[in-house]
Amino acid sequence: MTRDIFRLVLVGLLVLTFYGCGPASLDKAMSRLDNRPDWHRHGKLDLPRHPAEKHLQGWLIVLDPGHGGEAHKKGYKRGPTGVREADMNWRVAKLLERLLVDAGAHVTLTRHGDEFVGLKERAEIANNLQRPDGGTGADLFISLHHNASSRESANFSSVWYHGEADWSEPSLDVAKYIAHRLGAQMRTNVAHTSPLMSDQLMYGGGFGVLRQCNVPALLCESSFFSNKAEEQRLRDADYNLREAYAIYLGMCEYAYGGRPTQTLPTVERDGVTLRISTVLDDGLDKEWWGHERDRTLRSTISVCLDGVRLASQYDAASKTVTADLEPGRVSGDGQAPHVITIHHANKFKHHNYPQRYRLTPDSGPQGAYQVTPLGPERAEPQS
Ligand SMILES: [Zn+2]
């Protein structure tokens, strides 16, 4: 009996020594840094559900697998051995759709197979999406592409936004999480500059599909199919899953930091002045252990009329922003409608959406003003 117990303890000790159970020593942890693996080596495919995916519940997402319907065009958007970009974009879209639907988001694809869909048509799917609250427009449009270069070695991940950084704040907020996750999951190189790029670097009018979206929109160029080794990886649906998972992780991380918004601004007469007023929502969960703290960065709060900043006040208790303007500034003089711009960001530096409203003076005796939300600012199309 004693001998059996002794034998059991001995086996236990051997197992512990062999498998290294128990806390690791500092030396052991330090030794892991002696021969660090190369960045480009992929680890095993590991796809845990991100606990923050619950914050994606109810989102309306449009996924746009780039290209399609051009298989008959010789060499069109193909890698060195003929792998088509349209096909890899499609596989990533289908895998990402599954990940997002599992998270409780509503996903719409802009194409349903290998068919041609015009750029405007793709954008319109996002613009015209019916919302449960009766409104229209998706929460986010993501176009999925892969890049090509005459420089065969090029292989980095980039995420593109439309026009000026100032026009695309909510899109950039999501894009930065996705860009970092793409690089980390796909083990691509880094670009010469940051992985967030304006589509006006490429064309004066930007990318047609982003320019024509009236909702937050971004376009992933996840890696380069013109790179021989990368082209072979991109044929493999398991590698496409790595990419889809990277975008999913980026979206979960973004969603966890909240999407700020505000109530539809009201414009009311207060004596001779007009008062614009709105209540801010930082987009974060309301529950705060009974100790409500303000989570809006005050330095980010601004109200502009036609691009000119107005003096504004913020009442943290009611989260109300008010700004006054003289009635002459918005008289019904038959000129183009005025645009009010409202900006604020929460402590994650996530920016509000929508940011722009059309202010239409009503010529009636009450002197009322109509306020209607506008999409993000867009560049003029160029020929
Ligand atoms: Zn493309």
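What you have here is a predicted model, in which local features need pLDDT of at least 70, side-chain atom pairs count only at pLDDT 80 or more, and totals for chains, interfaces and linings use all residues. Residues are numbered from 1 along each chain as its sequence is written, and side-chain values use heavy atoms, with hydrogens and water left out. The protein has 8 helices and 16 strands; both are DSSP runs numbered from the N terminus, helices being H or I with at least four residues and strands E with at least two.

**Overall build**

- Taken along the principal axes, the C-alpha atoms fill a box of roughly 100 × 65 × 35 Å.
- Of the 383 residues, 45% count as buried. Buried means under 20% relative accessible area, exposed means over 50%, and partly exposed is in between, using a 1.4 Å probe and protein chains only.
- Among contacts with a separation of 6 or more, 71% come from residues 24 or more positions apart. A contact means heavy atoms within 4.5 Å.

**The zinc site**

- H67 (NE2), E85 (OE), E85 (OE) and H145 (ND1) coordinate the zinc ion, at 2.1 to 2.6 Å. Donors are N, O and S atoms within 2.8 Å of the metal (3.2 Å for Na, K and Ca), and since water is not among the atoms, sites may look incomplete.
- What makes the arrangement irregular? The 4 donor atoms subtend angles of 52 to 144° around the zinc ion. For reference, four donors count as tetrahedral if all angles lie between 85 and 135 degrees; four count as square planar and six as octahedral if opposite donors are over 155 degrees apart and all others between 65 and 115; anything else is irregular.
- Along the chain, the donors follow the spacing H-x17-E-x59-H.

- Helix α5 (residues 169–186) packs against helix α8 (residues 237–256) at an angle of about 145°, with the axes 8 Å apart. The axes are lines fitted to C-alpha atoms, for helices over the stretch in contact, and angles run from 0 to 180 degrees between N-to-C directions.
- On the α5 side, the residues making the contact include D173, Y177, R181 and M186; on the α8 side, they include Y239, R242, A246 and Y254.
- By class, this contact of α5 with α8 has 12 nonpolar, 2 polar and 5 charged residues. Ala, Val, Leu, Ile, Met, Phe, Trp, Tyr, Cys and Pro count as nonpolar, Asp, Glu, Lys and Arg as charged, and the others, Gly among them, as polar.
- H50 sits in the loop between α2 (26–31) and β1, and counts as buried at 19% relative accessibility.
- Setting aside neighbours within four places in sequence, H50 is in contact with Y248, L249, C252 and E253.

- Most residues other than glycine have a negative phi, and most peptide bonds are trans.
- K77, not a glycine, has a positive phi of about 45°. You'll find K77 in the loop between β1 and α3, partly exposed at 36% relative accessibility.
- D306 also has a positive phi, near 50°. D306 lies in the loop between β10 (302–305) and β11 (308–310) and is partly exposed, at 43% relative accessibility.
- The peptide bond from Y353 to P354 is cis, with omega near -5°; P354 lies in the loop between β14 (338–343) and β15 (356–361).

**Two loop positions worth a look**

- Is G258 buried or exposed? At 2% relative accessibility, G258 counts as buried; its place is in the loop between α8 and β7 (261–262).
- G258 touches G283, L284, N346 and H350, not counting residues up to four places away in sequence.
- H192, in the loop between α5 and β5 (196–198), is exposed, with a relative accessible area of 78%.
- H192 and V209 are 17 residues apart in sequence and 25 Å apart in space, C-alpha to C-alpha.
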